[in-house]
Amino acid sequence: MYDFAYHKPASVADAVKILAADPDARPISGGMTLLPALKLRLNKPTSVVDLSGIAELHGVKREGDKLVIGALTRHVEVATSAEVKAAIPTLAAMAGTIGDTQVRNRGTMGGSVANNDPSADYPAALLALGATIQTDKRKLAAEDFFTGMFTTALEVGELVTAIHIPIPTKAGYAKMRNPASRYSMAGVFVAQTAAGVRVAVNGAGNNGVFREKAMEAALTANWSPDAVADVKVDPGLLNGDIHGSAEYRAHLVTVMAKRAVIDAG
Amino acid sequence: MNVVTPFEGIGASLRRKEDYRFLLGRGQYVDDLNRPGQTHAVMLRSPHAHATIDRIDTAAAKAMPGVKAIFVGEDMAAESIGGIPCGWQIHNKDGSPMAEPMHPALALGKVRHVGDPVAVVIAETKAQARDAAEAIVVDYTPLPAVSSTEAAVKPGAPQVHEAAPGNLCYDWHIGDKAAQEAAFARAARVVKIETTNNRLVPNAMEPRAAIGDFDSFSGDYTLYTTSQNPHVIRLLMGAFVLHIPESKLRVVAPDVGGGFGSKIYHYAEEAIVTWAAGKVKRPIKWTCERSESFMSDAHGRDHVSTAELALDDQGKILGLKVHTLANMGAYLSTFAPCVPTYLYATLLSGVYSTPVIYAEVKAVFTNTVPVDAYRGAGRPEATYLLERLMDVAAAEAGLDKVEFRRRNFIRPDQFPYQTPVALQYDSGDYHSTLDACLETAGWAGFEARRAESKARGKLRGIGISTYVEACGIAPSAVVGSLGARAGLYEVGTIRVHPTGSVTVLTGAHSHGQGHETTFAQLIADKLGVPTANVDIVHGDTAKVPFGMGTYGSRSLAVGGSAMDKAMDKIIAKGKRIAAHLMEASVEDVEFERGTFRVAGTDKTKTLTDISLAAYVPHNYPIDEIEPGLEETAFYDPKNFTYPGGCHICELEIDPETGRVEVLNFTAVDDVGRVINPMIVEGQVQGGVAQGIGQALLEAAIYDASGQLVSGSFMDYTMPRAGDLPDVGVATHVTLCTHNPLGVKGCGEVGAIGSPPAVMNAVVDALRDYGVRHVEMPATPQKIWGIVNAHRLAAE
């Protein structure tokens, strides 16, 4: 890694101040993506702003019909949180499948959301659940926040502070892992929410996480695994690599959608 | 006092002595070592698969902070530094020697694979060396590259070396072609398969590392390196590359974290840091990064083969014909040429009494990392080819696959058995290992389990592999006649100290095998010294007289036998001392596990009595025997050893996703006498894990331009614990007839026997899908492709 300055602010305001002053500074939460990039010298920030000392960004709480999860909440905390398990058990289960034990002990929901890796788990959950991403400046619907592969609506220096997740009637998730990296190669999150049935797909889209409207229509008409079994996804919208062609991923999206509905019950 | 309780000798599942330090993180690996005044090296590597180097500008880099020196290929050439040598010479069908192009340590004029080292930067810190490496300007002119084995021999393929026209390293054959053709002419049936043995990246947990050190006062060089055979490195690097006499060159291979073959070879980086240490007069450490090891450690396998089996109308094998293309990569690594020849084609008889075999092997150069021995080395390739062919042949001849194998087995009464491809098997009992494995794996009840899986929408398959391999390499005279440029004996020294504890010096090297325990058990068993009082010293040319190292499952069969011979000398000398002390004749002195006894009397002396007398020779036959109790033996084996056995794999396929889950794996192996059953079980399990990895997960993939697509763990699928079942391991022993311990070796059997068992199970699971053969690795995408194609054809 190249040399960089290190800051550890105690408040969001202080963090934002450092980031605003230097467009080449990078925030770090769990560091599960940034650290490997630094080690491989793929990233050369002038300074790294460590958010882990900001108490207000930690923790899970229930506020009425939604969960509010602080951006610095680690995957292991989501996976084991009694609040999350009671409200959205699938979300807790999903968090328990991210990476491995070491990654779950370091990685954070806010970091994953801000990175918007197309193979990451959380973006599909937040998109399907109709979550709202709160930043230090504003609130954005998940659909407006996730704008493409590794891109979000975040402006330079803007920080995710919390994620507000409406509690669904039911929700389910299934993914096929890339055999090598174990990231999602095709993952589907289904949810019955107050705003209707929503289906979001990770790992497969050629422009990141996306909603699968045909499946939403099918499940709205008939909430059952069979309802999505015949909904085909256009491989032209999907990516391919040595582990999975677009055609294979298209097939997997349908299979995972079925399994997600079974998971939701 | 030496008291051995509880029993710690041969057959005891003693806990590994070395694990205490490993589990507490107190191992001393090369990267843990730091020499006073140490500098750090970074290799600048080629991003191109094939290119000319038009210009290297190091001026700006040399001026950067902390930089001590930067060297390129011309700097080494100017001092007449030799190429990296190859340890084995194969001859072509016409008797001419193989093509052996120069392999410069640092590229000279051309790069030939992604990762080929172009320059070395030496700086005060690793970060400074890396910064400077980024500042070196290299002008390349990219050339067309060839990366696949098959493409290398096509007309008009890009030429990797001018000295190897048509990219051909050698065109070799073995067996009787005329007899094979005659056998095929009278066959009732000929069964043919074409298959690829997938290229693998060994990925030892510890990446390679090297420290070069030069003492300007004595003129002595020391190389600390991650090696399976430090004496071989001293010989190759000293004699052929750097021209340093053995007396001035010490090679130390301390704790080494896994090798699997990839740390046998003499690598360019070892020569570079040793040579450069003499130039900069400072120690130089180089530690490989994981992404660097993907493109610089020797890879394994990479064969493309056609095999044909001729059968009579009774299902007896009449003959076998094999044609194989083997990828050598861009340069010849130390053992590379012998892997697809004498470690491969000589195994094509397998466990079967095949009367005639003819095999031809062409080795080719490509713009890829050199390919060399990887756990099993040639024998997994032979076993896979043969055992897949056996299943296909059984199916096409309408025979039960177990009965077909049994019908063609070499019978116990046929040993020693001379195969038509040079080897003579000394012992084995293939029927018994088969029967034991079938029983343990519940072969007979499989169809009921398959039906139960089917009810859950899953495809269940069972696969079998019966195999033999040749290890414990090797008789020096034999391998010398086959092209080896070294002898393959092993050396052991037994040093009994005055108060009876023992230090063993061995030329074998432990990098995960548990030698410190197994070897100590040999001493405990024969000399009666408790293992706590036995220390095993290995991995240092300044301490151990000589040695050929650890590979080819040879440490116990060859290295252990050398210790046994040395112990015989200790006992013989001890008897003479005991005879003197007990006033008996030498012929009347017996020895058993630590006690010398005058036969038929209660007069005894312990080994400690004798060692004390030997070092404090007050009452001692000083006119007849020298003081001291230390003996060295060189053991050169009379033959290879031939472990064999049966592996059965049971698995389930999810037809919706193509995912394969291994449910059960049963191995019943004949590894000869078992010294430590727990260590044998671990060795077999580890080998099976790598075999399942090859069958289902692992593939080194180059694109057509020679870029390594699977260049990290993001794309190269290493087996993880969750991919593996609890592998059931049992042994069924027949003793090796020609070494004193009766041992055969267990390090590679798991990786050799398992891949075809897994793939035969995959094909069996897909038996309703019209599948005849599936190539490794059986990834979810590949399996889904088969299922989907079948579905589309049915529609």
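Q: Where is B:Pro416 placed in chain B?
A: Helices (H or I, at least four residues) and strands (E, at least two) are DSSP runs, numbered from the N terminus. B:Pro416 sits in the loop between α11 (401–408) and β16 (417–418) of chain B. The model is predicted: local features need pLDDT of at least 70, side-chain atom pairs pLDDT 80 or more, while totals for chains, interfaces and linings use all residues. Residues count from 1 along each chain as written, chains are lettered from A and ligands numbered from 1 in written order, and side-chain values use heavy atoms, without hydrogens and water.

Q: Which peptide bond is cis at B:Pro416?
A: The one from B:Phe415, with omega near -5 degrees. Another cis bond joins B:Met776 and B:Pro777, at an omega of about -10 degrees. B:Pro777 belongs to the loop between α19 (749–765) and α20 (780–794) of chain B.

Q: What is the phi of B:Arg301, and is the residue buried or exposed?
A: Buried means under 20% relative accessible area, exposed over 50%, partly exposed in between (1.4 Å probe, protein chains only). B:Arg301 is not a glycine, yet its phi is positive, about 65 degrees. Its relative accessibility is 4%, so B:Arg301 counts as buried. Its loop runs between α9 (290–294) and β13 (303–311) of chain B.

Q: What about B:Phe260?
A: Phi is positive here, about 60 degrees, and B:Phe260 is not a glycine. B:Phe260 is partly exposed, at 28% relative accessible area. Its place is the loop between β11 (249–252) and α8 (268–280) of chain B.
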